[in-house]
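User: Please take one part of this model and look at it closely. Then carry on to other elements, in short sentences.

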Amino acid sequence: MRERDVDVAVIGAGTAGLAAHRAATAAGARAVLIERGPGGTTCARVGCMPSKLLIAAGAAAHAARSTDLFGIRVAGVTVDGPAVLKRLRAERDRFVASVFEGLDALPDDTRIAGNARFIDARTLIVQDQAEIRFRTAVIATGSSPVVPDPLKGLGERLLTTDTLFEIPDLPSSLAILGAGAVGIEIAQAMARLGVAVTVIDAGDTVAGLSEPDLNRQAIEILGAEFALHLGARIREAAPDGDGVRVAWTDRAGQPQVTRAARILAAAGRSPNLADLDLAAAGLRVGEGGVPDFDHRSLVCSGAPILIAGDADAWRPVLHEASRQGAIAGANAAALAAGLAVEAPAPLPGFALVFTHPQVAVVGAPHDPTAQDRVVGGMDFSGQGRARVEGLNRGGIRLWADRNGRLLGGEMLGPAAEHLAHLLIYVLAEGRTVRSLCEHPAYHPTVEEGLMSALSDLKQKMYEC
């Protein structure tokens, strides 16, 4: 068995692991990157990028069918499922290849392939082939799709985001378990590509929205494109010919049955931690098998080990994984050198859902019980640029404290991804609503809608 002594061992070569390895190396630490595979990062391989390619195809089909509003007549639209998926995989593979190019540029002696597990707080075994003695380690093992018990045993009838994009053709029908960001994005895209879609979720919200009126609008808008059942629970799923039969109960507790060619588990992802033997490392494991860790420094309790990215089950989005990886890598190098670690404040919360209309959630969540907040907003139904484009659905809701400091907000509407970036920057700067209202918005743009929401919020502050 090979033996290695290093300052920092980084377990995982995804977004967080790569960032951690770069940061540790840049700080002068002798770092090794342990990669289990298949590599390419979750975002590029099975997450952000292939899903957006599917969404783009669905949006193109929907746009071609929706030209009557502008006086444009399209005779017919045909969706070539194999061609849609062929382009998706080709573009996805380009993104993945760029990740591998970065990996291949690393010196061979800084990379080890295989599954790692702790044997104590300072030692890792990599697939019984190498023993790595480290001063500090970073856990960046990513996550895997959750498959609820009723869906297990369905074989190829069951899809996850790890397998969905490998199917040769679009299914005739698809049941989706989960109305969160992933489930709802794929549901709308598939429906627009001609797939009969049914979404089942035990909760009462979609796409991560919490503001009641925006959530109601989202349910109405999205539910017009596919069957959407909230407050519903799956009881069992079983093979049914070439497809699957799903038995579930609706909100009223009444039994229902859905038949579909395939079923997609979109009920979230869980950290890849089970094989690491965290107990051997002396870590205190909490809910979901995640070790206790400081959310600023990312240092775990009980050992000189840090955790970053999807592995810590906290803010599992790419920009957070990259930032956490960089923090963990730099702090691991500091610990290895006997130096103090940094503990930067977390960024404001930020989430986007790329449905049409888009959804954005920024900053502090909606809290109907908060007595020290003022809430303002606008609706896109009459907003000039949105009406020009035929995208005048949804709205913006913002909340601030009584001193005028913006706290957060939610959006359902056109270009929400861009409007949300404006908000997240000012949230990070602690700007006030009054100062934001002093800035111009070019006419006619959807940014005027954001300014309308801020103006409404400012007016209600004066009324308090």
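Analyst: Relative accessible area sorts residues into buried (under 20%), exposed (over 50%) and partly exposed in between, using a 1.4 Å probe and protein chains only. Pro440 has a value of 75%, so this residue is exposed. The model is predicted, so local features need pLDDT of at least 70 and side-chain atom pairs count only at pLDDT 80 or more, while totals for chains, interfaces and linings use all residues. Numbering starts from 1 along each chain as its sequence is written, and side-chain values use heavy atoms, without hydrogens and water.

Pro440 sits in the loop between helix H10 (433-437) and helix H11 (447-463). Helices (H or I, at least four residues) and strands (E, at least two) are DSSP runs, numbered from the N terminus. From Pro440 to Met451 the C-alpha separation is 8.3 Å, across 11 residues of sequence.

Another proline, Pro239, belongs to a sheet: its bridge partner in S13 is Val244. S12 and strand S13 (residues 243-249) run antiparallel, joined by seven bridges; pairing takes at least two DSSP bridges. The sheet is open, with three strands ordered S12-S13-S14 and antiparallel pairing. Strand S12 (233-240) and strand S14 (255-260) are the edges; each has a single partner strand, so one side of each lacks a neighbour in the sheet.

Now helix H3 (residues 48-65). Its buried residues include Pro50, Leu53, Leu54 and Ile55. The buried residues of H3 pack against helix H2 (42-45), helix H4 (81-104) and helix H5 (181-192), where contact means heavy atoms within 4.5 Å.
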